[in-house]
Structure formats: C-alpha cells, structure tokens
Amino acid sequence: MIKVNGIDIESDGVSFAGKSVAEYLAIANYDCRRIAIERNGEIVPKAKYAETLLADGDSLEVVSFVGGG
Amino acid sequence: MNAPSREEMHAALVARQGEKNVEKLQAATVAVCGLGGLGSNVSIALARAGVGKLILIDFDCVDVTNLHRQQYKANQVGMEKPQALSANLKEIAPYVELETHFVRVTEENVESLIGNADIVVEAFDNAEAKAMLVNAVLERNAEIESAEKNAEAANKEAAYTKVENAEAVNTKTVNSESTKNLKSENLKRLQYLVAASGMAGFDTANTIQTRRLSKRFYLCGDGVNDVNDGIGLVAPRVMACAAHQAQTVVRLICGMENDG
C-alpha cells in the first residue's frame with residue numbers, strides 16, 4: 001500500500017511501487033512549481049523527484065499551495 | 001505621551017505570559033517572508049508577544065489595494081513595505097529589534113536572508129513563491145541533519161581508531177577534539193517552518209487550521225481557497241490565518257510543540 005495525503009493510491013489495483021515520484025505527480029496531474037513533498041516525514045528535494053522511487057509502505061504528503069496572503 | 005520604559009513593558013509581559021516564556025521569546029529570532037496580509041499581521045502579533053528580533057522581508061511597496069487587509073496606513077502608500085512595517089512596529093513595540101530586507105526571496109539569496117533565524121514564517125501570496133521557500137527551508141534542514149549524521153559517524157570512527165592505539169589517558173583528549181570538529185561543521189542551524197495556504201474568501205474562519213506535517217514543518221490555512229479562483233482576500237479571514245501562524249511560532253519558541 002502507498003498512501004498520498006492519507007489516501008491509498010493503489011486501492012483500485014494499480015501498483016505504484018517502483019514508479020518515480022515524478023511519474024506519480026504527472027499521473028496525478030500536480031503542478032510541480034506549486035508543491036512540496038514529504039516522504040515518510042522527510043522532504044523529497046525537487047531535484048530528486050525523477051530518481052526517487054516509491055516503495056510499498058511509503059506515505060507521501062504532497063502539499064499543494066494555493067495563492068493568497 | 002512618552003512610551004513606557006523597556007522595564008515597564010517587560011514587567012507587563014511577564015505578568016501575563018510568565019517570566020520563562022518571556023525570556024525565551026526575547027531570545028528568539030523570527031524571519032517573516034512576505035509582509036502582506038499574513039506577514040504584517042504575524043509581525044505585529046509577534047512583536048506584541050515579545051519576540052526579541054524580527055527579520056522583515058518583502059520586495060513590494062505599500063499599495064492602495066493592500067489597505068483593506070494589511071497593517072499599513074493610508075498615508076504609507078508608496079513606501080517600501082519593510083520600512084513602513086518597521087515604523088508601525090516601533091510605535092507598538094519600541095524595543096523589538098528589527099532587520100529589514102527590501103528584496104525578493106530566491107533560491108540563491110534565501111540562506112543569507114533567513115540563515116540566522118530560529119523560525120521561518122512563510123507569508124507570501126504567490127503559490128509558487130510559497131513552494132519555493134518551503135522546499136528551500138526543508139531541504140536546508142535535511143542537508144544539515146545529514147551533515148550532522150556524517151560528522152558524528154566520522155568522529156566516532158576517528159576516535160575509535162585513535163583510542164585503539166592510544167594510552168587510556170589520551171582518550172579524553174581525543175573525544176574533546178572530536179566534539180570540536182563536530183561543532184565547527186554545525187554552524188548552520190535547523191529551523192522550524194510555519195507556512196500558510198488557503199485563506200481567501202468569505203467562508204467561515206473555522207476551517208482555518210494548523211497542521212503539523214512533519215517534525216519542523218507546520219501549515220496553517222484551509223488548504224483549499226485560492227485567491228485565483230476569483231474570490232478576494234477578506235481581512236478577518238487572513239488575520240485568522242496569520243494568528244494561527246503567530247500562535248504556532250509562540251508555542252514553538254516557548255517549547256510547547258516539541259513532542260516528537
């Protein structure tokens with residue numbers, strides 16, 4: 001099971017283990033300029049989205065910022 | 001009328017917040033990145049609460065369109081925001097130490113601007129600027145932590161090798177040298193980050209919350225309501241979010257959030 005923001009992204013049978021963070025972000029349609037990602041409580045550096053591979057048991061927090069302040 | 005003395009203001013704070021907390025607040029440095037609806041309100045709350053030093057950063061000037069929610073006055077339109085906010089803060093809390101930067105925060109200058117702060121407040125209005133700063137601060141923390149781990153491991157190994165061949169008497173010297181090495185590599189300090197996302201519109205203020213996303217990263221706001229959806233920013237809701245940020249900063253400084 002791989003969780004993103006508390007939700008199991010593999011619940012419909014699609015496996016994300018072995019896919020990169022960048023691949024997941026593209027599939028989930030995230031705007032990479034507006035996000036920060038923590039994987040199991042550790043920041044994933046922006047430069048490492050392509051080389052960071054998801055593994056079973058991972059928990060991702062994808063913070064997607066909206067404008068205003 | 002003359003402003004109260006430093007001692008009078010200190011005593012008034014101690015009576016309300018407690019001496020230990022006031023001491024911790026007085027010793028703290030907080031960087032406020034962006035001095036709009038969030039940052040101007042956060043700064044005023046922190047100055048009132050007795051934070052010793054604020055680093056105020058913004059690249060913009062006060063505009064008439066800011067006055068409905070930001071802590072500036074009509075006669076300050078056209079002034080650089082850091083300078084205008086400094087003037088207002090000094091009227092409220094004359095003994096707060098202020099450092100101002102009239103500059104846009106970028107990946108290149110971020111270390112020089114916020115490197116000395118204990119806590120960084122992300123208070124930009126632009127979503128991409130928010131993401132840039134959050135990534136920069138969290139990546140910076142990760143680098144410091146990994147450097148600390150490496151130094152610790154290297155020192156342990158060095159100490160072990162030396163001790164193996166040394167007299168027991170020399171052990172102490174070796175250990176103290178190792179500690180010195182470790183410290184000299186640790187000049188950069190880990191920071192707490194308090195960011196905000198989602199505070200536009202006329203919705204209830206009750207949906208604005210503070211979430212701790214990881215050990216040193218807090219996020220305030222409703223997470224959803226985007227100013228770009230056509231809904232504007234309304235003063236009380238922005239202030240509610242700013243208040244969440246400021247309260248989180250105060251709790252962090254006073255050691256009330258260090259539970260893991």
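1. Partly exposed is the class of B:H10 in this predicted model, because its relative accessibility is 37%. B:H10 belongs to helix α1 of chain B, which covers residues 6-17. Between B:H10 and B:E23 there are 13 residues of sequence separation, and their C-alpha atoms lie 9.6 Å apart in space.

2. Chain B as a whole has 260 residues, of which 45% are buried. Its secondary structure consists of 8 helices and 7 strands. Of the contacts in chain B with a separation of 6 or more, 70% are between residues 24 or more positions apart.

3. Two helix pairs in chain B share helix α3. Two packed helices are described by the angle between their axes and the distance between the axes. For α3 (residues 37-49) and α4 (residues 81-92) of chain B, the angle is about 25 degrees and the axes are 10 Å apart. α3(B) is therefore roughly parallel to α4(B), the class for angles under 35 degrees. Their crossing is right-handed.

4. On the α3(B) side, the contact with α4(B) is made by B:G39, B:S40, B:S43, B:I44, B:A47 and B:R48. On the α4(B) side, B:L85, B:L89 and B:I92 take part. Sorted by class, the residues of this contact are 5 nonpolar, 3 polar and 1 charged.

5. The second pair is α3(B) with helix α8 of chain B, residues 235-253. Here the axes are 8 Å apart, at an angle of about 45 degrees. That angle is why α3(B) counts as oblique to α8(B). The crossing of α3(B) and α8(B) is right-handed.

6. Which residues make the contact of α3(B) with α8(B)? From α3(B) they are B:G37, B:L38, B:N41, B:V42, B:A45, B:L46 and B:A49. From α8(B) they are B:V238, B:M239, B:C241, B:A242, B:Q245, B:A246, B:V249 and B:V250.

7. Next, the interface between the chains. The size of an interface is often given as the accessible area lost when the parts come together. For chain B and chain A the buried area is about 1,900 Å², with 58% of it on carbon and sulfur atoms. The contact involves 32 residues of chain B and 19 residues of chain A. B:A127, B:E128 and B:N135 contribute 25% of the area that chain B buries against chain A, more than any other three residues.

8. B:N135 sits in helix α6 of chain B, residues 127-165. Is B:N135 buried or exposed? B:N135 counts as buried, because its relative accessibility is 3% and the limit for buried is under 20%. Setting aside neighbours within four places in sequence, B:N135 is in contact with A:I35, A:A36, A:I43, A:V44, A:K46 and A:Y49.

9. Finally, a loop position in chain A. A:A50 is found in the loop between β4 (42-43) and β5 (59-64) of chain A. A:A50 is exposed, because its relative accessible area is 58% and exposed means over 50%. Residues up to four places away in sequence not counted, A:A50 touches A:S20 and A:A22. A:A50 and A:S20 are 30 residues apart along the chain, and their C-alpha atoms are separated by 5.7 Å.

Key
Residues are numbered from 1 along each chain as its sequence is written. Chains are lettered from A and ligands numbered from 1 in the order in which they are written. This is a predicted model: local features need pLDDT of at least 70, side-chain atom pairs count only at pLDDT 80 or more; totals for chains, interfaces and linings use all residues. Side-chain values use heavy atoms; hydrogens and water are left out. Helices (H or I, at least four residues) and strands (E, at least two) are DSSP runs, numbered from the N terminus. Buried means under 20% relative accessible area, exposed over 50%, partly exposed in between (1.4 Å probe, protein chains only). Axes are lines fitted to C-alpha atoms, for helices over the stretch in contact, and angles run from 0 to 180 degrees between N-to-C directions. Angles under 35 degrees count as roughly parallel, over 145 as roughly antiparallel, 65 to 115 as roughly perpendicular and the rest as oblique. A crossing is left-handed if the near helix is turned anticlockwise from the far one by less than a right angle, and right-handed if clockwise. Contact means heavy atoms within 4.5 Å. Ala, Val, Leu, Ile, Met, Phe, Trp, Tyr, Cys and Pro count as nonpolar, Asp, Glu, Lys and Arg as charged, and the others, Gly among them, as polar. Buried area is the accessible area (1.4 Å probe) that two parts lose on being put together, summed over both.
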